[in-house]
Amino acid sequence: MSSSLEKNMLILRSSDGEEFIVPEVVAVMSKAIKNMVEDECASNTIPVPNVDANILAMVIEFCKKHDESEAEAASDLKTFDSEFVNRGQEALYDLITAANFRDVKELLDALCQNVAEMIKGKSVHHIRIQFLGYQLFEILTSNFIWNIWCDRDFD
Amino acid sequence: MDANGDDDKQVQWSTLPKDVIPILINRLETRIDLLRFRSVCRSWRSSSAASLSPQPPFPLLSPRRRPPPWHLHRRRDHRLPPPTVRRNSPQNYFPLSNQEVNLLEFRISQVHNSYTFRNLELLNRKPIEAGLPFVKKIVVLGSNPDSRIVVVVYEMWDLDGRLAMLRVGDDSWTPIYTQHFVCDDVIVYKGNFYTVDRSGRAFVLDPNMNLIEIAPPPTNENGKKKKKHLVESIGDLLLVDKYFELHERNVYYYKDGKERVKSSNREMVSEMRVYRLNEDEHRWVEVRSLEDQILFVGDDCSYSVSAREFPGCRGNRVVYEDRAVASQIEEEDELFDGLWVYQIGVFNLGNGRVRSLATCPQLARIFWPPPSSSGCSM
């Protein structure tokens with residue numbers, strides 16, 4: 001199978017076994033993959049554990065766009081980034097862990113920017129509801145001295 | 001919708017990888033946001049530092065000298081702290097200057113960001129004395145600290161109203177100039193830099209930082225000395241045009257044990273006009289009423305707030321600094337007691353009157369600290 005691959009293409013295999021054929025230049029935007037390729041410890045198929053097909057497809061979409069659009073106006077890329085990261089909590093969280101684990105700097109930056117925007121100017125209470133949801137009660141009871149301080153402070 | 005789209009499974013945000021948290025915090029910018037972030041849960045708190053990382057140093061504007069570089073410093077003023085301790089008092093306040101506010105006693109929300117340069121070694125010297133240009137206003141575009149663009153209005157030697165730009169990481173400032181351009185103000189509006197020159201021409205800076213003229217000066221010319229400010233108010237870009245007039249007043253002083261009087265001329269704001277930028281028609285349109293908005297107009301920052309947030313205050317006012325305005329106080333005026341508010345002017349756009357803030361007790365009351373007599377002291 002690998003012999004039929006075009007040159008400079010790599011296969012990425014997600015944690016649930018799905019395979020993606022991507023150009024090497026795109027795949028090496030992940031520093032972790034880049035290191036594997038440079039150390040020649042990878043065959044053409046590179047396993048990407050902890051990242052499922054759904055998330056891996058998103059990461060590849062992001063990297064492809066960033067690879068293609070080097071010449072494009074920076075503002076277009078910015079628009080793409082802000083639309084790309086505008087996702088539900090679950091996808092956002094999975095993308096952050098994937099980008100962090102595979103060391104894709106541009107993606108991690110864009111995602112963190114988005115989360116920071118969701119936090120800016122919000123009260124502690126609001127951030128907790130938004131990001132921690134049902135864990136609120138547990139934290140309130142286990143850490144309540146701290147919470148009295150917070151509530152007086154920011155309400 | 002965006003953030004809460006997937007309700008079926010709650011994500012364990014408290015288990016966010018520890019090396020992601022510093023990247024996230026780096027995007028938060030303000031100390032308040034950092035404090036709040038650290039208060040959310042134990043794991044976020046334990047993996048974050050208690051203070052924001054310092055800004056990278058900026059090169060100096062002056063090419064001639066090489067003192068230590070500047071650091072961009074976000075000022076902590078212009079916030080709106082209604083006390084939460086006294087819940088029966090719904091008063092909102094504006095700190096009058098860079099005061100430290102006890103975070104335990106107040107709920108703070110930020111109405112505006114302003115910046116200043118801080119140079120620790122030159123901290124106690126005036127820029128002019130240190131041979132440096134005097135930076136009047138700093139505006140910053142972009143929230144990602146690695147890709148910010150900073151634009152400053154500065155004066156140097158006899159050159160007033162210069163504009164210069166720096167992308168974070170650049171070694172030097174790039175001057176921005178076009179013919180007959182003397183910059184009066186610059187602002188970030190809708191993600192772009194807008195600037196106005198002394199004549200009232202409006203420009204937008206394109207991505208290559210060229211000045212693109214978007215509106216000619218407003219037509220109302222009367223030959224008086226003017227100073228222009230840009231303010232964003234409920235989505236509109238406003239131009240506040242201050243007209244100055246020489247104002248004669250008597251100065252009382254003591255010499256040889258006797259009270260003497262001499263007259264002195266001083267420039268004072270006598271009138272203001274407010275215009276709104278109509279970007280489709282490329283012109284300034286005069287604004288007759290600001291409705292319930294109060295504009296705070298200063299050399300280093302300007303912003304707009306709703307009078308509704310301050311019970312007892314009326315809108316359609318422009319608040320500005322003017323050292324000469326104290327001479328407008330008349331003997332029968334009832335003066336607000338307890339604050340140094342004489343050098344702040346209040347212009348009423350409805351009747352065209354200029355007053356000292358000292359004679360507007362309702363408005364003066366929103367500045368912190370309140371007079372001790374009002375019983376609000378903590």
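The legends below refer to a predicted model.

**Figure 1. Overall make-up of chain A, with nine helices and three strands.** Read from the N terminus, the elements follow the order β-β-α-α-β-α-α-α-α-α-α-α. Chain A has 155 residues, and 46% of them are buried. Of the contacts in chain A between residues at least 6 apart in sequence, 55% join residues at least 24 apart.

**Figure 2. Packing of helices α5 and α6 of chain A.** Two packed helices are described by the angle between their axes and the distance between the axes. Here the axes of α5(A), residues 89-101, and α6(A), residues 105-119, come within 9 Å and cross at roughly 140°. This angle makes α5(A) oblique to α6(A), since only angles over 145 degrees count as roughly antiparallel. The crossing of α5(A) and α6(A) is left-handed. On the α5(A) side, the contact is made by A:Q89, A:L92, A:L95, A:I96, A:A99 and A:N100. The partners contributed by α6(A) are A:L107, A:L108, A:L111, A:N114, A:V115 and A:M118.

**Figure 3. Packing of helices α6 and α7 of chain A.** The axes of α6(A) and α7(A) lie 10 Å apart, and the helices pack at an angle of about 130°. With that angle, α6(A) is oblique to α7(A). A:V115, A:M118 and A:I119 of α6(A) make the contact with A:I127, A:Q130 and A:F131 of α7(A). Two of these α6(A) residues, A:V115 and A:M118, also take part in the contact with α5(A).

**Figure 4. The buried side of helix α7 of chain A.** Helix α7(A) spans residues 124-131, and its buried residues are A:V124, A:I127, A:R128, A:Q130 and A:F131. They lie on the same side of α7(A), because they cover an arc of only 170° around the axis. An α-helix has 3.6 residues a turn, so residues three or four places apart point the same way.

**Figure 5. Positive phi at A:D103 and B:H180.** A:D103 lies in the loop between α5 and α6 of chain A, and its phi is near 60°, a positive value in a residue other than glycine. With a relative accessibility of 34%, A:D103 counts as partly exposed. In chain B, B:H180 occupies the loop between β10 (174-176) and β11 (183-189). The phi of B:H180, likewise a residue other than glycine, is positive and near 55°. B:H180 counts as exposed, at 63% relative accessibility.

Definitions and conventions. Residues are numbered from 1 along each chain as its sequence is written. Chains are lettered from A and ligands numbered from 1 in the order in which they are written. This is a predicted model: local features need pLDDT of at least 70, side-chain atom pairs count only at pLDDT 80 or more; totals for chains, interfaces and linings use all residues. Side-chain values use heavy atoms; hydrogens and water are left out. Helices (H or I, at least four residues) and strands (E, at least two) are DSSP runs, numbered from the N terminus. Buried means under 20% relative accessible area, exposed over 50%, partly exposed in between (1.4 Å probe, protein chains only). Contact means heavy atoms within 4.5 Å. The arc is that of the directions from the helix axis to the C-beta atoms. Axes are lines fitted to C-alpha atoms, for helices over the stretch in contact, and angles run from 0 to 180 degrees between N-to-C directions. Angles under 35 degrees count as roughly parallel, over 145 as roughly antiparallel, 65 to 115 as roughly perpendicular and the rest as oblique. A crossing is left-handed if the near helix is turned anticlockwise from the far one by less than a right angle, and right-handed if clockwise.
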